[in-house]
Amino acid sequence: MVGNVVGKIDLVQTASMAKDVCKLTERVAPHRHCRQCSKPVSMEDTFCSPACENGFKNGLRRKKRQLYLYYIMIIVLLFLALAYVGKI
Ligand SMILES: [Zn+2]
């Protein structure tokens with residue numbers, strides 16, 4: 001019984017929050033967010049500043065390098081495991 005009441009209250013709160021979100025989206029002009037720092041930018045831009053763009057590109061490069069390192073590590077570990085088992 002108590003759980004049911006709490007559930008109803010949650011539903012009412014969720015509904016009113018959804019209304020608030022609708023009000024907000026009506027007021028704010030269409031925009032995007034900087035892919036690095038999430039600051040609002042115009043629809044044509046992807047980043048708020050060249051520094052953010054550079055930071056994002058550097059991060060992407062670092063992630064790619066990390067991914068290659070993981071691949072190499074997996075291959076090396078696979079060969080080591082096979083050598084340990086004695087199949088090579
Ligand atoms: Zn930014």
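**Entry 1: Ser38**

I started at Ser38 and asked: is it buried or exposed? I found 11 C-beta neighbours inside 10 Å, so Ser38 counts as exposed; the cut-off for exposed is 12 or fewer. This is a predicted model, so I keep that in mind throughout.

Next I looked up where Ser38 sits. It lies in the loop between β1 (32-33) and β2 (40-41). Then I checked its backbone. Ser38 has a positive phi of about 70 degrees, although it is not a glycine. I noted this because most residues other than glycine have a negative phi.

**Entry 2: Asp45**

I moved on to Asp45. I located it in the loop between β2 and α2. How exposed is Asp45? It has 14 other C-beta atoms within 10 Å, so I put it down as partly exposed.

I also looked up its distance to His31. Asp45 and His31 are 14 residues apart in sequence. From C-alpha to C-alpha, I read 9.2 Å between them.

**Entry 3: helix α2**

I turned to α2, residues 50-85.

How many residues of α2 are buried? The number is 0, so I recorded that α2 lies largely in the open. Just after α2 I came to Gly86, which takes a positive phi of about 100 degrees.

**Entry 4: the whole chain**

I stepped back to the chain. I listed 2 helices and 2 strands. Along the sequence they follow the pattern α-β-β-α.

What share of the chain is buried? Of its 88 residues, 1% count as buried.

**Entry 5: confidence**

Last, I checked the pLDDT. The chain averages 83, and 69% of the residues score at least 70. Where is confidence lowest, and where is it highest? It is lowest in helix α1 (residues 2-27), at a mean of 58. It is highest in helix α2, at 96.

Definitions and conventions: Residues are numbered from 1 along each chain as its sequence is written. This is a predicted model: local features need pLDDT of at least 70, side-chain atom pairs count only at pLDDT 80 or more; totals for chains, interfaces and linings use all residues. pLDDT is the predictor's confidence in each residue, from 0 to 100. Helices (H or I, at least four residues) and strands (E, at least two) are DSSP runs, numbered from the N terminus. A residue is buried if 20 or more other C-beta atoms lie within 10 Å of its own, exposed if 12 or fewer, and partly exposed in between; C-beta atoms are placed from the backbone.
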